[in-house]
Amino acid sequence: MSGKKVLVTGSTGRTGAFVVKKLRQLSDQFEVFGFARSEEKIKELFGATEGFFTGDITNKSSLESALKGCELLVIVTSSFPKMKAPPQEGKPPEFEFEAGGMPEEVDWIGQKNQIDLAKDLGINHIVLVGSMGGTNPDHPLNKMGNGNVLIWKRKAEEYLINSGINYTIIRAGGLLNELGGKRELIVGKNDTLLTNPPNGIPTSIPREDVAELVVQALIEPSAKNKAFDVISKPEDDASAVVTKDFSALFGQTTPGL
Ligand code: NAP
């Protein structure tokens, strides 16, 4: 095995698993490790636990042995709101977070733990997957389970930028479980794609395309120290040119929150 050692947290998540699988295909460039909570889920998704560490990002010591010796870190962990009960007729559904799984704990403390450890251990570059919408405190996602999820995520992004570690922050639009590599990706900043999407296109992107962006961000120098929003043109959009030149795409993005 050769290549740069990279740890992917949230590796049993729906986007994180794609990141691990894609990076494993580049075994000449990367030696890939995953960090996840559940051994059972690791086996279910990857067949074996080799190359994986188990732990919890809210417990810094469980992360340390996983991150030690790595050069790169990909953060795809996230809190997850669950519907309390089937919605009552005419009423919006109510959401809640598991005990210990509030956005403040996972998206702020958990991400801060990862960034702090990365700094202590001399990690060279962190790629963080976040979400669009964080400039709007009244965003409906913030209301879910009174979690203020986008506010905590943005606070962690700011913390990463100020950490001095090289960063790439990918703030995705609504995630789709559709095939990647079939769309034109569009980058922006400060939620302008949400408030004013080009030609009124849906503000969404396949998870597999986000995973490819993560991989390319680890490869392309023009992704370093950049933070951006990203959506995609629909697959059947006649004006779309499938994104292949990631260096050029990252070239359109800018440093800072
Ligand atoms: P996901 O499937 O919900 O995966 C989240 C991962 O975080 C899971 O693997 C989960 O572990 C892990 N995790 C949660 N708490 C943890 C803890 N305390 N310790 C260790 N691991 C923990 O994620 P996704 O839907 O693919 O989203 C990826 C990213 O995109 C997230 O940051 C999300 O906020 C963002 N995003 C989502 C949307 C959307 O439409 N859903 C839109 C824009 C951006 P388990 O596997 O054990 O559950």
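Within what distance do the axes of α4 and α6 come, and at roughly what angle do they cross? In this predicted model, the two axes come within 8 Å and cross at roughly 10°. Because angles under 35 degrees count as roughly parallel, α4 and α6 are roughly parallel to each other. On the α4 side the contact is made by P103, E104, D107, W108, Q111, K112, I115 and D116, which meet V149, W152, K153, K155, A156, Y159 and L160 in α6. The residues of this contact divide into eight nonpolar, one polar and six charged.

Helix α4 (residues 103-120) also packs with helix α3 (residues 60-67), at an angle of about 45° and with the axes 10 Å apart, and these two helices are therefore oblique to each other. The crossing of α3 and α4 is right-handed. Here K60, L63, E64 and L67 in α3 meet N113, Q114, D116, L117 and A118 in α4, and the residues of the contact comprise four nonpolar, two polar and three charged.

Turning to the pockets, the largest pocket holds about 1400 Å³ of space. It is lined by 45 residues, of which R14, T77, S78, S79 and F80 are the closest to its centre. Helix α6 (149-162) is one of the elements that give two or more residues to this lining, together with the strands β2 (30-36), β7 (125-131) and β9 (174-176). By type, the lining residues divide into 18 nonpolar, 19 polar and eight charged.

Conventions:
Residues are numbered from 1 along each chain as its sequence is written. This is a predicted model: local features need pLDDT of at least 70, side-chain atom pairs count only at pLDDT 80 or more; totals for chains, interfaces and linings use all residues. Side-chain values use heavy atoms; hydrogens and water are left out. On a 1 Å grid over the protein atoms alone, a cavity is a set of points where a 1.4 Å probe fits but cannot get out, and a pocket is an open set with protein on both sides within 12 Å along at least five of seven lines; lining residues have an atom within 4 Å of a point. Grid points are joined across faces, edges and corners, and a volume is the space filled by probe spheres set on the points. Helices (H or I, at least four residues) and strands (E, at least two) are DSSP runs, numbered from the N terminus. Ala, Val, Leu, Ile, Met, Phe, Trp, Tyr, Cys and Pro count as nonpolar, Asp, Glu, Lys and Arg as charged, and the others, Gly among them, as polar. Axes are lines fitted to C-alpha atoms, for helices over the stretch in contact, and angles run from 0 to 180 degrees between N-to-C directions. Angles under 35 degrees count as roughly parallel, over 145 as roughly antiparallel, 65 to 115 as roughly perpendicular and the rest as oblique. A crossing is left-handed if the near helix is turned anticlockwise from the far one by less than a right angle, and right-handed if clockwise. Contact means heavy atoms within 4.5 Å.
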